[in-house]
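Here's a quick walk through a protein model for anyone meeting it for the first time. Have a look at the picture, then read on.

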Amino acid sequence: MSQKPFLLYAAPTVNGFPISAFLEELKAVYPEIEYDVELIDIWGTRHKEPWFLKMNPNGRIPVLVDRLRNNFSVFETSAIMLYLVQHYDKDFKFGFDPAKDPDEYSVLLQWLFFSHGGLGPMQGQGLHNYFASSVILRHYPCIAHHFHQFVKEDIPYPKKRYHEETKRLYGVFEMRLQDRDYLAGPGRGHYTIADGKAWPWVRRHIAAAIPTLDEWPNLKAGIIFSLEWNSLLIYIQAWLKRCLERPATEQGIKILSPST
């Protein structure tokens, strides 16, 4: 049996889902896009071994190996998405031609990097700080135990700092989406890798220190961080719903996490 064109090393995380989902989106448009998946246990050590570090010296997932191009490897979520658009999205369904549409291409990069350098780091740090809370201890004792190996005390300032900054960044998305369906593209926009990078983080609202939305039953379909926001986040709710209801994206989530 011949090898599939790509090999994806990933895990069911906010960094893994964008790539499996985008590969499925590409596959829906270009049926020749096929890939193998090797799941990596991020709590283990395989991604710190020499064979993996040759592909990504940072020792993190995801990593994509392009077997069609002499096993060329790419790491970092945004870099992988840009690579796939450059080489395999010939009709620019999920991006823009930098030569023919330089302005739209620039806007896409701006929102892609907004998530990569803003939302991801802030919400990610908020997640790690939140793991130290008593709520997570009740619901995710194994993960919390791992975190407590490194954080032995409750430190309110970083929790508040990352929580508030995540809220602010969600507000930026909210402003962008007030008269748009997606983050990039002319008019109301269309689904691009800028959306594909952002929705996995927004989907994980628990990382912003709200473990349940039971306190606001009418808002459960959305992403709400505090009661005073209950009239503000209607646009980001609708955007997230549009992203998650895409059949290819649904399949991409299942690829890494069949029980999701």
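## The overall layout

Starting at the N terminus, the elements of the protein follow the order β-α-β-α-β-β-α-α-α-α-α-α-α-α. That gives 10 helices and four strands, where helices (H or I, at least four residues) and strands (E, at least two) are DSSP runs, numbered from the N terminus.

A word on the model itself: it is predicted, so local features need pLDDT of at least 70 and side-chain atom pairs count only at pLDDT 80 or more, while totals for chains, interfaces and linings use all residues. Residues are numbered from 1 along each chain as its sequence is written, and side-chain values use heavy atoms, with hydrogens and water left out.

The protein has 260 residues, and 49% of them count as buried (under 20% relative accessible area, with a 1.4 Å probe and protein chains only).

Now for contacts, meaning heavy atoms within 4.5 Å. Among those in the protein with a separation of 6 or more, 66% link residues 24 or more positions apart.

## Helix 1 meets helix 8

Two packed helices are described by the angle between their axes and the distance between the axes. Helix 1 (residues 17–29) and helix 8 (residues 193–203) have axes that come within 9 Å and cross at roughly 135°. On the helix 1 side, the contact is made by Phe17, Pro18, Ala21 and Phe22, and helix 8 brings Ile193, Gly196, Trp199, Pro200 and Arg203.

## Helix 3 meets helix 8

Helix 3 (residues 77–88) also packs with helix 8, at an angle of about 155° and with the axes 10 Å apart. The two are therefore roughly antiparallel to each other. Thr77, Ser78, Met81, Leu82 and Val85 of helix 3 make the contact with Ile193, Gly196 and Lys197 of helix 8.

## A histidine in a loop

Where is His47 found? It lies in the loop between strand 2 (35–39) and helix 2 (50–53). His47 is buried, with a relative accessible area of 5%. Leaving out residues up to four places away in sequence, His47 touches Ile40, Asp41, Ile42, Phe52, Leu53 and Gly59.

How values were computed
Axes are lines fitted to C-alpha atoms, for helices over the stretch in contact, and angles run from 0 to 180 degrees between N-to-C directions. Buried means under 20% relative accessible area, exposed over 50%, partly exposed in between (1.4 Å probe, protein chains only). Angles under 35 degrees count as roughly parallel, over 145 as roughly antiparallel, 65 to 115 as roughly perpendicular and the rest as oblique.
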